[in-house]
Amino acid sequence: MTEPRILLHTTRIPVRWGDMDAYRHVNNTIYFRFCEQARVEWLEAAGFAVSLDQSEGPVIINAACTFMIPINYPATVVVRLYAGAPGRSSVMNWYEIGIEGDERVFAEGSAKVVWMNHLTGKSVPLPETLRAMLEN
């Protein structure tokens, strides 16, 4: 991690048997679900419902993951979510994925979160309360 960032949220997620693939490790697509769950938990804990019932909210415009060590069942995944400095309408998130009882980083991910008006499909400024949280 080279850019300044702050730890916003940590979550623990049990690995399910069905998360594994034919190679008997957690399928690559599931890592994106782990990151998504951490992001949604953080946003909702911060007071931002992740719902189309809201006129504005977060969307992801890109996501990436680097897989370093396979994760196998049974395990409990630990996801640490970090954020960088906020832009006008966006903020970068980074993720460290590990497992309980092991200090190694098994995967690293990132996602760019953009605040969007759901009716127009256009970006809008980040909510001031979110901006203040990210700047402190």
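Modeller: A salt bridge here is a side-chain nitrogen of Lys or Arg within 4 Å of a carboxyl oxygen of Asp or Glu. The model is predicted: local features need pLDDT of at least 70 and side-chain atom pairs pLDDT 80 or more, while totals for chains, interfaces and linings use all residues. Residues are numbered from 1 along each chain as its sequence is written, and side-chain values use heavy atoms, with hydrogens and water left out.

Colleague: What makes Asp102 and Arg104 a salt bridge?

Modeller: The closest N and O atoms of Asp102 and Arg104 are 2.7 Å apart, and the cut-off is 4 Å, so the pair counts. A search of the whole structure finds five salt bridges.

Colleague: Why is Arg104 called partly exposed?

Modeller: Buried means under 20% relative accessible area, exposed means over 50%, and partly exposed lies in between, with a 1.4 Å probe and protein chains only. Arg104 has 47%, so it is partly exposed.

Colleague: How do you know that Glu100 forms a salt bridge with Arg12?

Modeller: Their closest N and O atoms are 2.9 Å apart, which is within the limit, so they qualify. The pair links distant parts of the chain: Glu100 is in the loop between S4 and S5, Arg12 is in strand S1, and 88 residues separate them. Glu100 has a relative accessible area of 44% and Arg12 has 49%, so both are partly exposed.

Colleague: Why does the pair Glu135 and Arg131 count, and where does it lie?

Modeller: The closest N and O atoms of Glu135 and Arg131 are 3.9 Å apart, still within the cut-off, so this is a salt bridge. Both residues lie in helix H2, four residues apart, about one turn of the helix. Glu135, at 52%, is exposed, whereas Arg131, at 15%, is buried.

Colleague: How do you know that the structure holds zero disulfides?

Modeller: A disulfide requires a pair of cysteine sulfur atoms within 2.5 Å, and the structure has none. Cys35 is in no disulfide, the nearest cysteine sulfur being that of Cys65 at 5.6 Å. From the side of Cys65, the closest cysteine sulfur is likewise in Cys35, too far for a bond.

Colleague: Are Cys35 and Cys65 buried or exposed?

Modeller: Cys35 has 6% relative accessibility, so it counts as buried. Cys65 has 16% and is buried too.

Colleague: What makes the strands an open sheet, and in what order do they stand?

Modeller: Strands are DSSP runs of E of at least two residues, helices are runs of H or I of at least four, and both are numbered from the N terminus. Two strands pair if DSSP finds at least two bridges between them. Five strands form the open sheet in the order S1-S3-S4-S5-S2, with antiparallel pairing. The edge strands are S1 (6-14) and S2 (56-67), each pairing on one side only.

Colleague: What joins S4 and S5?

Modeller: Nine bridges in the antiparallel sense. Glu96 stands opposite Glu108 in S5. S4 and S5 form a hairpin with two residues between them, and Gly101 in the turn has a positive phi of about 85°.

Colleague: What makes the 31 residues a nonpolar core?

Modeller: A nonpolar core is a set of buried Ala, Val, Leu, Ile, Met, Phe, Trp, Tyr and Cys residues joined through side-chain atoms within 4.5 Å. The largest one has 31 residues, of which Ile71, Val79 and Ile97 touch the most other members. H1, S3, S4, S5 and H2 each supply at least two residues, and H1 gives the largest share, seven. Ile71 touches, among others, Val15, Tyr31, Ile97 and Phe106, where contact means heavy atoms within 4.5 Å.

Definitions and conventions. Lists of a residue's contacts leave out its neighbours within four places in sequence.
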